[in-house]
Amino acid sequence: MQSMKRIPLAIPHMSGKEMAYIEQAFAENWIAPVGPNVDLFEEKVRRYTGAEFATATSSGTAAIHLALRMLEVGHGDTVFCPSFTFAASANPIHYQGAKAVFIDSELETWNMSPIALERALLDAQQQGQLPKAIIVVHIYGQPAKMTEIMALAKSYGVPVIEDAAESLGSLHHGVQTGTIGDIGIYSFNGNKIITTSGGGMLVSAKEEWTKEAKFLSEQAKEPAPYYQHEKIGYNYRLSNIAAGIGCGQMEVLQERIDQKRLIFERYLEGFATYNETFSNFPRITYQQESEGTFSNRWLSTIQVRGIHPLQLKEALDANGIEGRLLWKPLHLQPVFQKNRFFAEDVRAKISNAQRLFESGFCLPSATQMTLSEQHYVIQTVAKFLIQAGESV
Ligand SMILES: *Cc1c(COP(=O)(O)O)cnc(C)c1O
């Protein structure tokens with residue numbers, strides 16, 4: 001039918017307000033990784049999230065790396081990180097010569113399991129080496145169980161980095177994700193809820209850290225009349241042009257969140273009919289917005305037991321719809337095969353993270369998607385599941 005044009009998973013959605021900031025930058029020749037747009041973008045993100053201090057970076061990954069530097073993560077250290085996330089959550093741990101220890105998910109929000117985390121902390125304490133940090137991710141925009149996780153982190157005295165790359169605007173008991181832990185990071189990569197084409201931000205209530213992160217992100221140039229370096233620095237600062245895009249995007253962040261949530265609601269409604277009509281067929285379930293949380297629903301995801309998500313991907317591909325499997329757990333990645341993993345249920349044959357990977361799917365969630373395009377996606381998914389259900 002209308003599938004000549006592919007329906008994308010998630011693509012940048014400009015507001016039309018970005019160019020004014022960029023033109024201003026050109027007019028004033030601020031074509032550098034410093035300038036008024038960078039300051040303004042930091043200010044806008046701080047105001048929106050309630051974060052006290054912020055430093056814009058060239059990517060979310062760079063912000064995670066700087067966060068680990070602030071917590072003095074180094075060679076021989078360990079850092080806890082969820083297994084069910086994008087590799088960028090864990091890679092910076094290894095840039096620092098430290099080792100990621102992977103923690104399983106719970107099945108309500110799909111994020112770090114407090115049960116598995118507690119077991120891992122207890123084990124680390126018995127081994128005499130607590131982790132230098134815990135990285136928590138709010139996957140697909142859904143806040144993790146921060147009350148339990150923060151309580152555990154506090155009782156063991158381990159600082160928390162929130163990887164809020166996917167969850168800008170999501171709330172946990174009214175508090176913005178990224179501002180609950182000791183340091184938070186956001187990403188403005190092209191596929192995220194808002195974008196600077198590429199960029200990130202580090203936020204904290206501790207000014208010492210955001211200042212030091214900024215210093216390191218600008219090559220660690222000491223204040224001296226010549227190039228003086230006492231620390232290893234990085235070229236991690238966001239450009240004034242990219243920050244201009246970010247300023248324009250911040251003006252529509254709330255609108256994008258509303259649109260993303262509406263897309264999710266429409267899937268929910270559409271598949272409710274399928275679930276009711278074909279009650280003996282593979283059932284569609286969802287990542288739960290757990291009590292007291294508000295998800296930005298960056299990506300609409302579903303879980304379907306009894307079919308392999310690769311089959312669903314193929315069926316959608318053939319109909320001009322881009323879908324994607326959920327994150328493949330990091331503890332199952334060849335590059336991390338020597339890293340430890342703590343499952344939520346030690347007796348279960350497969351971990352929750354693996355179960356999610358083998359049953360879940362990301363559906364098109366671009367905010368430009370039309371109503372009829374979304375109906376077409378819903379129909380195509382339902383048709384595939386009915387066929388799969390009939391052949392069992
Ligand atoms: C996108 C993403 C990152 C990395 O952000 P970049 O800006 O692409 O470097 C880190 N963690 C998670 C969970 C992400 O989704």
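Q: Where does Asn 111 sit?
A: Asn 111 is in the loop between strand E3 (99-103) and H5. Helices (H or I, at least four residues) and strands (E, at least two) are DSSP runs, numbered from the N terminus.

Q: Is Asn 111 buried or exposed?
A: Buried, at 2% relative accessibility. Buried means under 20% relative accessible area, exposed over 50%, and partly exposed in between, with a 1.4 Å probe and protein chains only.

Q: What does the Asn 111 side chain reach?
A: The backbone oxygen of Gln 142, at 2.8 Å. A polar contact is a pair of N or O atoms within 3.5 Å; within protein, one must be able to donate a hydrogen and the other to accept it, and residues adjacent in sequence count only if both atoms are side-chain atoms.

Q: What kind of model is this, and what are the ground rules?
A: This is a predicted model: local features need pLDDT of at least 70, side-chain atom pairs count only at pLDDT 80 or more, and totals for chains, interfaces and linings use all residues. Residues are numbered from 1 along each chain as its sequence is written, and side-chain values use heavy atoms, with hydrogens and water left out.

Q: What pLDDT does the chain average?
A: 96, and 99% of the residues score at least 70. pLDDT is the predictor's confidence in each residue, from 0 to 100.

Q: Which elements have the lowest and highest mean pLDDT?
A: Helix H12 (residues 371-390) has the lowest, at 94. Strand E5 (residues 160-163) has the highest, at 99.

Q: Switching to rings. How many aromatic pairs?
A: The structure holds 13. Rings of Phe, Tyr and Trp (its six-membered ring) pair if their centres lie within 6.5 Å; planes under 30 degrees apart count as stacked, over 60 as edge-to-face and the rest as tilted.

Q: What is the geometry of Tyr 140 and Trp 298?
A: Stacked, with 6.4 Å centre to centre and 20 degrees between the planes.

Q: Which residues form the aromatic cluster?
A: Phe 84, Phe 86, Trp 110, Tyr 140, Trp 298 and Trp 327 form one cluster.

Q: What lies over the face of Phe 264?
A: Arg 297, at 3.6 Å from the ring centre. A charge sits over a ring if NZ of Lys or CZ of Arg is within 6 Å of the ring centre and within 35 degrees of the ring normal.

Q: And how many salt bridges?
A: The structure holds 16. A salt bridge is a side-chain nitrogen of Lys or Arg within 4 Å of a carboxyl oxygen of Asp or Glu.

Q: What does Lys 132 pair with?
A: Asp 77, with the closest N and O atoms 3.3 Å apart. Lys 132 lies in the loop between helix H5 (114-127) and E4, and Asp 77 in the loop between helix H3 (60-70) and strand E2 (78-82), so the pair ties together parts that are 55 residues apart in sequence. Lys 132 is partly exposed at 30%, while Asp 77 is buried at 16%.

Q: What about Asp 123?
A: Asp 123 forms a salt bridge with Arg 340, the closest N and O atoms being 2.9 Å apart. The pair links distant parts of the chain: Asp 123 is in helix H5 and Arg 340 in the loop between strand E13 (324-325) and strand E14 (341-342), 217 residues apart. Asp 123 is buried at 18%; Arg 340 is partly exposed at 44%.

Q: Where do Glu 207 and Lys 211 lie?
A: Both lie in helix H7 (residues 207-217), four residues apart, about one turn of the helix. Glu 207 and Lys 211 form a salt bridge, with the closest N and O atoms 4.0 Å apart.

Q: Which residues are linked in a network of salt bridges?
A: Arg 6, Lys 313 and Asp 317.

Q: Last topic, sheets. What is the order of the four-strand open sheet?
A: E10-E12-E15-E13, with antiparallel pairing. The edge strands are strand E10 (284-285) and E13, each pairing on one side only. Two strands pair if DSSP finds at least two bridges between them.

Q: What stands opposite Leu 325?
A: Phe 361 in E15. E13 and strand E15 (residues 360-363) pair over two bridges.

Q: And the three-strand sheet, what order?
A: E7-E6-E11, open and antiparallel. Two bridges join strand E6 (residues 171-172) to E11. Leu 171 has Phe 294 as its bridge partner in E11.
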